[in-house]
Number of protein chains: 2
Amino acid sequence: MPGKNILYAQSGGVTPVINATAAAVIETARANRGRVGKVFAARDGIMGALEERLIDTDKLKKSEVAALHQTPGGAFGSCRYKLKSIEENQREYERLIEVFKAHDIGVFFYNGGNDSADTAWKVSQIGDKLGFHVQCIGIPKTIDNDLAVTDNCPGFGSVAKYVSVSILEASLDVMAMASSSTKVFIMEVMGRHAGWIAAAGGLACREKGDPPQVILFPEVPFDRDKFREKVRKSVETNGYCSVVVSEGARTPDGTFLADAGTTDAFGHKQLGGVAPVVAGMVKEDLGYKCHWAVCDYLQRSARHIASATDLEHARAVGKAAVELAIDGGSGVMPVIKRTSDQPYRWKIEAAPLSRIANHEKTLPKKFISADGFGITPSCRAYLDPLIRGEAYPAYRKDGLPDYVRPEFVYVDRKLEPFEV
Amino acid sequence: MPGKNILYAQSGGVTPVINATAAAVIETARANRGRVGKVFAARDGIMGALEERLIDTDKLKKSEVAALHQTPGGAFGSCRYKLKSIEENQREYERLIEVFKAHDIGVFFYNGGNDSADTAWKVSQIGDKLGFHVQCIGIPKTIDNDLAVTDNCPGFGSVAKYVSVSILEASLDVMAMASSSTKVFIMEVMGRHAGWIAAAGGLACREKGDPPQVILFPEVPFDRDKFREKVRKSVETNGYCSVVVSEGARTPDGTFLADAGTTDAFGHKQLGGVAPVVAGMVKEDLGYKCHWAVCDYLQRSARHIASATDLEHARAVGKAAVELAIDGGSGVMPVIKRTSDQPYRWKIEAAPLSRIANHEKTLPKKFISADGFGITPSCRAYLDPLIRGEAYPAYRKDGLPDYVRPEFVYVDRKLEPFEV
């Protein structure tokens, strides 16, 4: 679809490297002028697309685009807004097509997880149905690493690096304190439905006995007695115990530990946090002094400790998306295919969105150790390459990273306002 | 006291750079053989000194000592154990002197905060009283930055860098999510009695409106109404609100917010955490979706993002301690004296322990903005140089920092066992 404009939108939770994907899209499109048109970026994801809030990325300076490669967050804004089925909400799909028509948009890039793959796929179908062909291309992004088909998801490798480095460092801290003070350190990480991020904590453990001694996965039903004994044994053997707990850790009946019903002094339900719940159990069952941390957004915005491999992946899928568009592709996603563990080699392939949409890839059983508290050598072999290399951002003289928040120029509106 | 051995001990909470101080002590002593003896390191701080668990650092390879410069935690073990007054516990002071005599120790380096300065000072007095002169030298270390006399405390600058970088990054995340999801992000930092670490979060705020929009200091009594209005205004103006809260934030009657009496489902008191308490208030008062993080040990072990300035300070005080010992100094601490803000210049001076012991330097009023939720330009001028420069550790090929845990060789025991 030569000369047609591209609409790029970010979706769902952001990552340390999603802006690198965006920058690669913009740079590759600029390098292919004539074969593709302008790149518009939807403000706040699909919501901005519906509301015709479109950023003209042609107005961004080359240096601003370059700086996006090293800036975390979602520069154009993301959103948590899932389009309903076409039957339930034809109006929104039709509106999207109107916006595309009005701005000569022939290519839609949706940079997100499996929900977004589903949306991109549906949009491509409705376009054809309405007689306006749009090339819909999903671009993978999710720290949860739960997308099907692709070997791994851009964003995950950097979070994995943050988590493994952080638990290694905090474990050195608790080791130093354990003789007279804190004996157990608990770090909560993301991954409500899949234990990939928690598994990454296991990379810090190189030799038997190394921290973290305990990982609590969503995939392994929590057993308080077994957990207590594992912690006790670690403290007795090593003097301390280091624990990584997934926010998705749950009891055998499927209840999240974080939802165990914590209430504050006024009787109100507390907001999340599985680490304090687990710390409370350790204190009650074993009497050990605990410290706990909740990484939350820090883990998924920590561009300062991004994985160089992950950054390369993030750029590669952005570049590949534009190349797929030039080749007329639609209903596809550029995915990462691993061709070798040692040495680590990978390439980009195109996969149909239908194979990715709405699937969720959890941690396979063979990646979890027999006792349920650690990772296996095959898991390590899989994870290892993803955290390799340090892709540091440039720093300003004042000691802070040189992250950018460019001023955006919006494309003139051509349509009536639309209420999402 | 030429030729006498040095006993080095770490005390209290560890820092990302305390091992750099230890390494500087060892290296400077090695460079001055003959003028000073061996460096012994007490295992687990003063407890190991009392129990005669002494590590012979002469047995450490040069490369191991070098690697300590980039390893967080407390390599020799630290402890939370405060010697009581001499009147209450003469037995322990006398035991220390016995250990010193037995191992020809003429110099005692206590690397810690104001409690440790107090202990070092008392030890020097009891030594003289018992007719065994020991040169007692405190070496400053505390992430809390609450020591008197010294311009700043080694360890603090790196934590300040971690906190300012982290809140900047997480704020970019919440900005991207705010249109349809999380509007308020809350990050809890350490500093139970002084707001220095919380203030460091303010470095991320370069221009009016920049995050963090709210800092909750221990020095400013928490006012829920004012806080609510500040958060509401930020969300209305910026679309989101980014909050740094000190673990020491407290109500006007002095109650820590974290101790507001949170109980779990079983009616047990929960363990700490002010961030979830504040998040609960925001949710209840304003209905905004919140995310919260608790940095805990991560902030004080984050050697991966250490400040180069802080690392230099940490090394300088270690080196100066040995030089003071060679010059016969006792009852003193090498402190950092700032001679210029711009350009930043500093030097090391010796200060009497009596001026440091048991004092606590809280954030001065002039460093807190009029509304109580931010820092002033003079605070920024003070903090700014302390986070400058990135002192990255070396990484292994597997993507993790090359931190060391040397095998220690212990000095043969010469005394009867002693129960602490």
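Let's start in chain B of this predicted model, in the loop between S11 and helix H12 (377-383), where Asn358(B) is found. What is the phi of Asn358(B), which is not a glycine? The angle is positive, at about 65 degrees. To see what makes that worth a look, keep in mind that most residues other than glycine have a negative phi. Asn358(B) counts as partly exposed, because its relative accessibility is 46%, and that value falls between the 20% and 50% cut-offs.

You'll find Val149(B) in the loop between strand S5 (135-140) and helix H6 (156-177) of chain B. With a relative accessible area of 33%, Val149(B) is partly exposed.

While we're in chain B, have a look at the peptide bonds too. Most peptide bonds are trans, but the one joining Pro211(B) and Pro212(B) is cis, with omega at about -5 degrees. Pro212(B) has its place in the loop between helix H7 (196-201) and strand S7 (214-216). A cis bond also joins Gln342(B) and Pro343(B), where omega is about -5 degrees. As for Pro343(B), look in the loop between strand S10 (332-340) and strand S11 (345-352) of chain B.

Now over to chain A, and to a residue that comes with a note from a record. UniProt, in an unreviewed entry, lists Asn114(A) under "binding site". Asn114(A) sits in helix H5 of chain A, which covers residues 114-129. Is Asn114(A) buried or exposed? It is buried: its relative accessible area is 13%, and the cut-off for buried is under 20%. Leaving aside residues up to four places away in sequence, Asn114(A) touches Asp146(A) and Leu147(A), along with a run made up of Ile356(A), Ala357(A), Asn358(A), His359(A) and Glu360(A).

Next, let's see how the chains meet. The size of an interface is often given as the accessible area lost when the parts come together. Between chain A and chain B, the buried area is about 6800 Å², with carbon and sulfur atoms giving 58% of it. Chain A brings 86 residues to the contact, and chain B brings 86 residues as well. Polar contacts link 25 residue pairs between chain A and chain B, counting pairs with both residues at pLDDT 80 or more. Which element gives the most to the side of chain A that touches chain B? That is H6(A), with 14 residues. By kind, the residues on this side of chain A are 40 nonpolar, 26 polar and 20 charged.

Side chains of opposite charge can pair when their charged atoms come close. Six salt bridges are found across the interface of chain A and chain B. One to look up joins the side chains of Arg300(A) and Asp173(B), at 2.7 Å from N to O.

Over all chains, the structure holds 50 salt bridges. Within chain A, Asp58(A) and Arg33(A) meet through their side chains at 3.3 Å, N to O. This pair links distant parts of the chain: Asp58(A) is in the loop between strand S3 (54-56) and helix H3 (62-68), Arg33(A) is in the loop between helix H1 (18-30) and strand S2 (39-42), and the two are 25 residues apart. Asp58(A) is partly exposed, with a relative accessible area of 27%.

Lys161(A) and Glu390(A) form a salt bridge too, and their closest N and O atoms are 2.7 Å apart. Here the partners are 229 residues apart, with Lys161(A) in helix H6 and Glu390(A) in the segment after helix H12 (377-383) of chain A. Lys161(A) is buried, at a relative accessible area of 0%, whereas Glu390(A) is partly exposed, at 28%.

Finally, the side chains of Glu284(A) and Arg224(A) meet in a salt bridge at 3.7 Å, N to O. Glu284(A) lies in helix H9 and Arg224(A) in helix H8 (residues 224-238), so the pair ties together parts of chain A that are 60 residues apart in sequence. Glu284(A) is partly exposed, with a relative accessible area of 43%, and Arg224(A) counts as partly exposed at 24%.

Note on methods. Residues numbered from 1 in each chain as written. Chains lettered and ligands numbered in written order. Predicted model: local features only at pLDDT ≥ 70, side-chain atom pairs only at ≥ 80, totals over all residues. Heavy atoms only, no water. UniProt positions renumbered as here; feature names shortened; annotations may be inferred. Helix = DSSP H or I, 4+ residues; strand = E, 2+ residues; numbered from the N terminus. Buried < 20%, exposed > 50% of the residue type's maximum accessible area, 1.4 Å probe, protein only. Contact = heavy atoms within 4.5 Å. Buried area = accessible area lost by both parts, 1.4 Å probe. Salt bridge = Lys/Arg side-chain N within 4 Å of Asp/Glu carboxyl O. Polar contact = N/O pair within 3.5 Å; in protein donor to acceptor, adjacent residues only side chain to side chain. Nonpolar A, V, L, I, M, F, W, Y, C, P; charged D, E, K, R; others polar.
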